[in-house]
Amino acid sequence: MPFFWLPDKYYILLVLPAALLALWAQMRVKSTFARYSRERTYSGLTGAETARRILDANGLYDVRVEHISGQLTDHYDPTQKVVRLSDDVYGRATIAAVGVAAHETGHALQHADSYVPMQIRSAIIPITNIGSQLSIPMILIGYIFGFQPLVAIGILLFSLMTVFQLVTLPVEFNASRRALTILEGTGMLSGQENAGARKVLTAAALTYVAALIVSLANLLRLILLFGNRRDD
Ligand SMILES: [Zn+2]
């Protein structure tokens, strides 16, 4: 039987290149964020002020803006209705801070107008979590006992994680598009500053594309290793 935790040819041909791509995307988002964290905005608005302004302008007075420690830990929490902004974003008046703050606020706007891909994403999170716990054990047990339906269910559960990564893409791209439109339209960033914010958000979006590719590579490897059992 194949030992899925040891590097096989599918690992080397599929998973490893995908993992390297993801690593590169992570490094790129960090360096782009760092670069535009050094450029202060003309308006002098901090990340927190940017988020508050956008929320108020859209009538979302009940969404709070909070500080969260760490780097690139920024997110929108739909259960608490909180935009959480990290150390380099919350109180900083830089192009990177304003761009990221507007992006996270974009998720709050998606939530407020029931943006469908976001709803799908939230709905599949529970089954995705179950899938990530059970898929590999099911595939291995099914394979060892030669019970192919169990292998198939395991691979199907694993594929839910890929679906999750896929649904994440429109949610992330749309949040960035909303952010850049608002920043430019309201004059919170000038045209040139907006180009910088776009670079930061595009670099961030690439990490989600890379995560999807990693997930696809892992799925394909599982299908190639276990999907077609031969009794020889
Ligand atoms: Zn996002």
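**Walking through the fold**

Mentor: Start with the contacts. Between residues at least 6 apart in sequence, 72% of the contacts in the chain join residues at least 24 apart. Keep in mind that this is a predicted model.

Trainee: How many helices and strands does the chain have?

Mentor: Seven helices and three strands. From the N terminus on, the order is α-α-β-β-β-α-α-α-α-α.

Trainee: And what does the C-alpha trace span along its principal axes?

Mentor: About 70 × 35 × 25 Å. The chain has 232 residues, and buried ones make up 44% of them.

Trainee: Helix packing next. How do α5 and α6 pack?

Mentor: Helix α5 covers residues 116-144 and helix α6 covers 148-186. Their axes are 6 Å apart, at an angle of about 150°. The cut-off for roughly antiparallel is over 145 degrees, so α5 counts as roughly antiparallel to α6.

Trainee: What's the handedness of the crossing of α5 and α6?

Mentor: Left-handed. The residues in that contact divide into 25 nonpolar, seven polar and one charged.

Trainee: Take Ile 130. Which helix is it in?

Mentor: Ile 130 is in α5. Its C-alpha lies 9.9 Å from that of Met 161, which is 31 residues away along the chain.

Trainee: Why does Ile 130 count as partly exposed?

Mentor: Because its relative accessibility is 45%. Partly exposed sits between the buried limit, under 20%, and the exposed limit, over 50%.

Trainee: Now α4. How does it meet α6?

Mentor: The axes of α4 and α6 come within 8 Å and cross at roughly 115°. The crossing is right-handed.

Trainee: Which residues make that contact?

Mentor: On the α4 side they include Val 98, Gly 99, Ala 102, His 103 and Gly 106. On the α6 side they include Val 171, Glu 172, Arg 178 and Leu 183. By class, the contact of α4 with α6 has eight nonpolar, seven polar and two charged residues.

Trainee: And at what angle do α4 and α7 cross?

Mentor: Roughly 65°, with the axes coming within 9 Å. The crossing of α4 and α7 is right-handed. From α4, Ile 95, Ala 96, Gly 99, Val 100 and His 103 make the contact. From α7, it's Glu 193, Gly 196, Ala 197, Val 200 and Leu 201. These residues divide into six nonpolar, three polar and one charged.

Trainee: Stay with Ala 197. Is it buried or exposed?

Mentor: Buried, with a relative accessible area of 0%. Ala 197 lies in helix α7, residues 191-226.

Trainee: What is Ala 197 in contact with, leaving aside neighbours within four places in sequence?

Mentor: Ile 95, Gly 99, Leu 180 and Leu 189. Also, the C-alpha atoms of Ala 197 and Val 98 are separated by 7.6 Å, though these residues are 99 apart along the chain.

Trainee: Back to α4. Where does Thr 105 sit?

Mentor: In helix α4 itself, which covers residues 95-112. Thr 105 has a relative accessible area of 0%, so it is buried.

Trainee: What lies 2.6 Å from a polar atom of the Thr 105 side chain?

Mentor: The backbone oxygen of Ala 101. Not counting residues up to four places away in sequence, Thr 105 touches Ala 51, Ile 54, Leu 55 and Val 83.

Trainee: Switching topic: loops. Which loop holds Leu 72?

Mentor: The one between β1 (64-67) and β2 (75-77).

Trainee: Why flag that?

Mentor: Because most residues other than glycine have a negative phi.

Trainee: Is Leu 72 buried or partly exposed?

Mentor: Partly exposed, with a relative accessible area of 37%.

Trainee: What about Ser 114 and its phi?

Mentor: Phi of Ser 114 is near 45°, again a positive value in a residue other than glycine. Ser 114 is in the loop between α4 and α5. At 41% relative accessibility, Ser 114 counts as partly exposed.

Methods
Residues are numbered from 1 along each chain as its sequence is written. This is a predicted model: local features need pLDDT of at least 70, side-chain atom pairs count only at pLDDT 80 or more; totals for chains, interfaces and linings use all residues. Side-chain values use heavy atoms; hydrogens and water are left out. Helices (H or I, at least four residues) and strands (E, at least two) are DSSP runs, numbered from the N terminus. Buried means under 20% relative accessible area, exposed over 50%, partly exposed in between (1.4 Å probe, protein chains only). A polar contact is a pair of N or O atoms within 3.5 Å; within protein, one must be able to donate a hydrogen and the other to accept it, and residues adjacent in sequence count only if both atoms are side-chain atoms. Contact means heavy atoms within 4.5 Å. Axes are lines fitted to C-alpha atoms, for helices over the stretch in contact, and angles run from 0 to 180 degrees between N-to-C directions. Angles under 35 degrees count as roughly parallel, over 145 as roughly antiparallel, 65 to 115 as roughly perpendicular and the rest as oblique. A crossing is left-handed if the near helix is turned anticlockwise from the far one by less than a right angle, and right-handed if clockwise. Ala, Val, Leu, Ile, Met, Phe, Trp, Tyr, Cys and Pro count as nonpolar, Asp, Glu, Lys and Arg as charged, and the others, Gly among them, as polar.
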